[in-house]
Amino acid sequence: MADSQFKDHFSQVAADYASYRPSYPQKLADVLAELSPAQDRALDCACGTGQLSVLLAKRFKEVIATDGSADQIAQAQPQEGVSYRTALADNSGLADNSVDLITVAQAAHWLDLGPFYAEVQRIARPDALLALITYGVLHVEGEVDSVMQHFYYETIGAYWPPERRHVEEGYRSLAFPFQELSLPPLAMEVDWSLPQLLGYIRTWSAVKAAEKALGASPLSAVEVELRKQWGDPDQRRRISWPLSVRAGRVRK
């Protein structure tokens with residue numbers, strides 16, 4: 001779906017996004033379900049390929065998962081109870097007062113929040129829950145982490161879109177005109193091989209931007225260093241991302 005406000009950084013890597021993006025912990029979906037006034041319907045806006053949508057389906061009778069990118073929707077994970085639709089976050093197509101939970105995972109920094117919040121007010125049932133979810137910079141166990149931190153901040157730091165700072169700040173600087181709730185500490189954790197980590201890094205918007213600007217992949221040099229530090233590439237290492245959630249009640 002085309003829109004002048006829709007910033008599409010991921011359609012061209014939709015297949016890789018589906019394969020390599022980490023999943024959220026089920027505990028996140030459980031906490032959100034427990035804070036919602038009911039578990040009838042959840043709307044997962046800017047759902048990408050459905051990483052959070054499929055988890056919400058375990059707790060809600062119905063999950064509507066929308067994204068402005070048809071390519072992302074085409075790559076989304078099939079799951080009973082999840083209906084995928086191509087739609088913008090500020091134009092869901094849902095009825096007034098029809099949703100118990102609205103989520104935006106790793107995408108609120110791309111949205112025009114004014115129109116989106118107006119849509120939230122329209123479709124939310126009384127005391128529905130809105131959750132803006134983001135995960136920060138990854139950490140890899142062992143000495144490999146210093147290589148990754150240098151690559152993220154120094155090698156490709158200048159190529160991140162300006163909106164990326166909101167992710168690094170845990171969305172604390174975003175406007176959030178709702179009665180805010182606190183959630184327990186949460187994190188995403190996976191055990192990945194080196195090829196899996198490299199596949200994930202290739203989905204980064206800054207990597208694509210740097211490759212376009214430089215005419216060569218910025219991954220070439222860091223991959224050599226990672227292989228030196230990693231050892232057996234099939235060895236799995238623990239990788240973690242801190243989760244930040246801004247959750248609030250939608251008062252009618």
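This is a predicted model: local features need pLDDT of at least 70, side-chain atom pairs count only at pLDDT 80 or more; totals for chains, interfaces and linings use all residues.
A salt bridge is taken here as a side-chain nitrogen of Lys or Arg within 4 Å of a carboxyl oxygen of Asp or Glu. Asp30 belongs to helix α2 (residues 26-35) and Arg59 to the loop between α3 (53-56) and β2 (62-67), so the pair ties together parts 29 residues apart in sequence. Asp30 is partly exposed, with a relative accessible area of 23%. Arg59 is also partly exposed, at 29%.

Within helix α5 (residues 113-123), Arg122 and Glu119 are three residues apart, or about one helical turn. Their closest N and O atoms lie 2.9 Å apart in a salt bridge. Arg122 is partly exposed at 29% relative accessibility, whereas Glu119 is buried at 7%. Arg172 and Glu180 also pair, at 3.5 Å from N to O. Here Arg172 is exposed at 51% and Glu180 partly exposed at 35%. A network of salt bridges links Asp40, Lys61, Asp100 and Arg125.

The largest nonpolar core holds 57 residues. Among the members that touch the most others are Tyr24, Met148 and Trp204. Contacts of Trp204 include Arg21, Leu138, Met148 and Phe151. A second, separate core has 27 residues, including Ala89 and Val167.

Helices α6 (residues 144-155) and α10 (residues 219-230) pack at about 170°, with axes 9 Å apart. The two helices are therefore roughly antiparallel. Val144, Val147, Met148 and Phe151 make the contact from α6. Residues contributed by α10 include Leu219, Val222 and Trp230. The contact residues comprise eight nonpolar, one polar and one charged.

Notes: Residues are numbered from 1 along each chain as its sequence is written. Side-chain values use heavy atoms; hydrogens and water are left out. A nonpolar core is a set of buried Ala, Val, Leu, Ile, Met, Phe, Trp, Tyr and Cys residues joined through side-chain atoms within 4.5 Å. Buried means under 20% relative accessible area, exposed over 50%, partly exposed in between (1.4 Å probe, protein chains only). Contact means heavy atoms within 4.5 Å. Axes are lines fitted to C-alpha atoms, for helices over the stretch in contact, and angles run from 0 to 180 degrees between N-to-C directions. Helices (H or I, at least four residues) and strands (E, at least two) are DSSP runs, numbered from the N terminus. Angles under 35 degrees count as roughly parallel, over 145 as roughly antiparallel, 65 to 115 as roughly perpendicular and the rest as oblique. Ala, Val, Leu, Ile, Met, Phe, Trp, Tyr, Cys and Pro count as nonpolar, Asp, Glu, Lys and Arg as charged, and the others, Gly among them, as polar. Lists of a residue's contacts leave out its neighbours within four places in sequence.
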